[in-house]
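I opened my notebook to record what I looked up, chain by chain. Here is what I had on screen.

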Amino acid sequence: MSVQEMEKRKDSAAAEGVKASETKSETAAAQKKENVLRLEDLTMQFGGVVAVNNLSLEVNKGEIVALIGPNGAGKTTAFNCITGVYQPTNGRITFLGQTLMEGCPTGRAAKTYAGEKAGKYTKNIHHSPDEICRAGIARTFQNIRLFPKQSVFDNVLVAKHMRAKQNPFTATFGLNHAEEKRMREETWALLKEQNLDSYASYEAGSLPYGMQRRLEIARALATDPKLLCLDEPAAGMNPQETLDLSDFIKKIRDQYHLTILLIEHHMNLVMGISDRIYCIDFGKLIAKGTAEEVANDPKVISAYLGMQEVV
Amino acid sequence: MKTSKKSIRIIADAVLVALVIGYLALLQSNTTAHSYAITIIERSCIYAVAAVSMNLIIGFTGQFSLGTAGFMCIGAYVTGIFTIPVKMRDQIYYLYGMADCIHDIKLPLIAALALSALLCGLIAAVIGWPVLRLKSDYLAIATLGFSEIVRAIFGWDGLGKITNASYGVSNIPPFANIFECVAICGVCILIMSLLIRSSYGRAFKAVRDDDVAAEAMGINLFRTKQLSFVVSSAFAGVAGGLLAVFMRSAVTSTFTVALTYNILLMVVLGGIGSVSGSIIGAFLVTGSQEWLRFLDKEYVFSDLIPGLSGTVFGSAQVPLLRNGFRMVIFSILLMVVVLFWNHGITGSKELSWARIISIPSVLRERKLRKAEEAKRREQEEAAARALEKEVRGQ
Amino acid sequence: MSLSYFIQQLLNGLSLGGAYALIAIGYTMVYGILRMINFAHGDEFMMAGYFMIYSIAVFPWFISIPIVIAATVVLGVLIERVAYRPLRNAPRMSVMISAIGVSYLLENLANYLFTAMPQSYPQIPILKYVYNFGDISVSRVTILAPVLTIVLTVLLVMLVNKTKLGMAMRACSKDQETAKIMGIRVDNVITMTFVIGCALAAVGSILYFTDRNTVQPYSGSLPGLKCFVAAVIGGIGNIPGAVVGGFIVGICQIAITAAGYSVFSDAFTFVLLFIILLVRPSGLFGEKAVDKV
């Protein structure tokens, strides 16, 4: 535990170093740290509204990166592009070196395109949410989306379906017995680790709110992700629960060797756990850096507090 | 403790199966005397297959498909065409003459049913390809439309050499015995419930409950819906084939939209999302449709109550009872279930021994709770009355 | 095929299309607001046919027509109250099953009350007056149907776009919850939607049955489904789209029948549906819906 903690500190120290000395050390850092997710010039336009504008972002292995911004800044839209719900209008998303999404405005969208860097991307690549999940990106939702009428156990078990080696025939006639057993055992293990095993037979919808959040994260973990995307995990939680949550997020990061990208409003949570923070407003990136740097950035302050920029 | 419970359950299941087999054997021993019961049981079993297949797509996958009658029609024709005795074919197809390529092909019942299932599954895959990518509503209308197309195609003169057009296929050999019918139905339902209990069944339910979340869990929506739709349609085809064998003919006029609605009634009454519910629904609806036949006949009171004969009242006509009233009652029943009792008989849970055993205790509890509530209310009222008296007294 | 035959058939197609268009509007409006297929709409249209038969036995035609419209509206509103309103918060599938139940009930009720025998539809002389242009003979209703349809559609579009009620309807179709918060009485708006839909269906039924001559308990179900297809073709929720879809379906049906494939005249509508779902699932004039996560 302590070793990992130290390593993490080293990482964040390295990240600060990147800021200080420019490109050279950046490539050095990239060599040292494996890049997991990269957004390049991501733009998402709905009709005339540019919800995400030219957003570039990087998440490296083992990091906890937060995407913050005031309400309606386009955080969830960016998230939905990453997880395949929307096809980006322009830009590229790469995950572990593989291009997951690429968009360029075509047809009517090309005429009304109001974002930047038109013409840089020429292909339209789209993967559906399930393919993205298969690639190793799991997500949770801002408004919890469990299967409320199913048991806690089944909620997690269904997430194991994707990676099981079976086909409808073998599954129907029980020829995948070993596989089924493995799925159940892994689900039990996961529930135990998350202290949810005593509620395994409860209806998911009957759990208290905080526990539903945890269950949703457990379900996402069951898909064996490499990158976990959390959409406002602390929404609707009280300060104590939020504090517990930040420990929990760190814990699962270390336990499952995850990389975590989260969207959050709760500054306490974000400041406490993030290695790096990106802040966006009106779809545009306005600041990036460590918690301290972002917290002291006048643009961020004005975006959050609505003050006029102090020169 | 657990193992003993399990063994009790197995014993109970075995006893139940033995009882059913015994009863069927009793019926089989004298088919002429029990022909009415045999008819009802066979029909119920066949409808149970259709109802479970519909429940698979509607209740477990949440896709509103109304193509059951269409697939049953295909299954009925395929089974009929390939099982009628070769000798009789020229006689049945006297108007069009049977096409040479299929004239001499006669299949055993099981093979013909399997062929029906295969064909229906293939057709479902083709229809599902555009439609299942869209919202569920389009599936409802597209499958209803598909049923109409199927009826039109099978009734078309141009295909008379194969389908015998509007005359339909008749003289289909009947079931060898009641066991054959019940066993085929049982196997079909068993396969579907095994699928539902498998990992794929869990994926179906996930898609039904929240498609966005299911997709985020790596479940391919289209492929999951497609699987459910194909399997459901294939078994609807088998049910159609069985129905054709049962009725010994296949005519397009049997497979109207009303048939789909009838099966929907069984599914809704039994409980959407419950295999056992659908089976119970099928038996209940089929049985009561037979028993309530008297609603369709015109009676005078003395027919029903012999003591009244001779009186003025006895020769008066029983109001409401005349042709069509039975179906009115059934449609009202469907409405009542949908509006006031939308869980149906079993709800979305399966019927099990544990549940049956717990019924008395659940009822007792409910009774106790009601009694308690009544008592409390009485006490409250008494207290209120006492308070009022006091106030008035002052 | 001579030109006069072609024109004759085209006029028949337009006439049938007009009736379909009026029914399709009811489907599209209800779907726009409640997001449900009102399976009973076709049967309401069939009941309107029976209402006409029974009311013309007592009243002259110019009184009968308003009576039929009023009775159909009452029936439609009643159905909404009894079968759809209690399920407002239930899953959409329950509402659709309820709609199927109502459809089933109306058909069986008609079968019970009016018997399964086709009953002849009253011939209203003013509608049946026949014009002769050379080889072509057309009854007045054939010409009236498309004209009336277009007039009613224009009026309805004005209602939806210009009046307060129309604004409320549009608000409800976008987001009922927000509409409620804005002080719109959603239930009243839904009732008004059914009133308009049923009134148009009643007019459509007069146009349709005057040309077809008989009514029977099941004569509403298939035209009903076809009209829903028409609404899908035009883009569900879009009123002018439904009208265009209605005309397309009507003309295609007459064309297929004229070509000698009357067996497939019904089935072809659904072939059209499959084509449109493959090529342009949002319909000819529909907008692509983006689901919010």
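My entries follow, starting with the kind of model this is.

**Entry 1: the model.** I noted at the start that this is a predicted model.

**Entry 2: chain C as a whole.** I looked up the secondary structure of chain C and found 12 helices and 4 strands. Next I asked what box the C-alpha atoms of chain C fill. Along the principal axes, the box is roughly 60 × 45 × 35 Å. Then I checked the radius of gyration. A compact globule of 293 residues would come near 19 Å, and chain C has 19 Å, so the two agree. I also looked at burial. Of the 293 residues in chain C, 51% are buried. Last, I turned to contacts with a separation of 6 or more. In chain C, 75% of these join residues 24 or more positions apart.

**Entry 3: where chain B touches chain C.** I looked up both sides of this meeting. Chain B has 33 residues in contact with 35 residues of chain C. Which helices of chain B each supply at least two residues to its side? I wrote down α6 (109-131), α7 (136-154), α13 (257-270) and α16 (325-340). The most comes from α7(B), with 11 residues. I then sorted the chain B side by residue type. It divides into 26 nonpolar, 5 polar and 2 charged residues.

Entry 4: I started with α12(B), residues 221-247. At 1.5 Å a residue, its 27 residues should span 39 Å. The end C-alpha atoms of α12(B) are 38 Å apart, which agrees. Is α12(B) largely enclosed or largely open, and why? I counted 21 of its 27 residues as buried, so α12(B) is largely enclosed by the rest of the structure. After this helix comes B:Arg248, and its phi is positive, near 65 degrees.

I ran the same checks on α3(B), residues 68-83. Its 16 residues should span 22 Å at 1.5 Å a residue, and its end C-alpha atoms are 22 Å apart, which agrees. Burial came next. In α3(B), 16 of 16 residues are buried, and the helix is mostly covered.

An α-helix has 3.6 residues a turn, so residues three or four places apart point the same way.

**Entry 5: a strand of chain A.** I picked β7(A), residues 227-231. Here 5 of the 5 residues are buried, so the strand is largely enclosed by the rest of the structure. Which residues point which way from β7(A)? A:Leu227, A:Cys229 and A:Asp231 point one way, while A:Leu228 and A:Leu230 point the other way. I noted the rule beside this. In a regular strand, side chains alternate between the two faces of the sheet.

Then I looked for partners. Strand β6(A), residues 137-139, is joined to β7(A) by 3 bridges, and the two run parallel. In that pairing, A:Arg139 has A:Cys229 as its bridge partner. Strand β8(A), residues 259-263, also runs parallel to β7(A), with 5 bridges between them. There, A:Thr259 in β8(A) stands opposite A:Leu227. From β7(A) the chain crosses through helix α10(A), residues 239-255, to β8(A), and this β-α-β crossover is right-handed.

**Entry 6: one loop residue.** I found A:His257 in the loop between α10 and β8 of chain A. Is A:His257 buried or exposed? I found 10 C-beta neighbours inside 10 Å, so A:His257 counts as exposed. I also looked up its separation from A:Glu63, 194 residues away along the chain. The C-alpha atoms of A:His257 and A:Glu63 are separated by 9.8 Å.

Conventions
Residues are numbered from 1 along each chain as its sequence is written. Chains are lettered from A and ligands numbered from 1 in the order in which they are written. This is a predicted model: local features need pLDDT of at least 70, side-chain atom pairs count only at pLDDT 80 or more; totals for chains, interfaces and linings use all residues. The expected span of a helix is 1.5 Å times one less than its number of residues. A residue is buried if 20 or more other C-beta atoms lie within 10 Å of its own, exposed if 12 or fewer, and partly exposed in between; C-beta atoms are placed from the backbone. Two residues are in contact if their C-beta atoms, placed from the backbone, lie within 7 Å. Ala, Val, Leu, Ile, Met, Phe, Trp, Tyr, Cys and Pro count as nonpolar, Asp, Glu, Lys and Arg as charged, and the others, Gly among them, as polar. The radius of gyration is taken over C-alpha atoms; the globule rule is 2.2 Å times the number of residues to the power 0.38. Two strands pair if DSSP finds at least two bridges between them. A crossover is right-handed if, with the strands pointing away from the viewer, the path from the first strand over the helix to the second runs clockwise.
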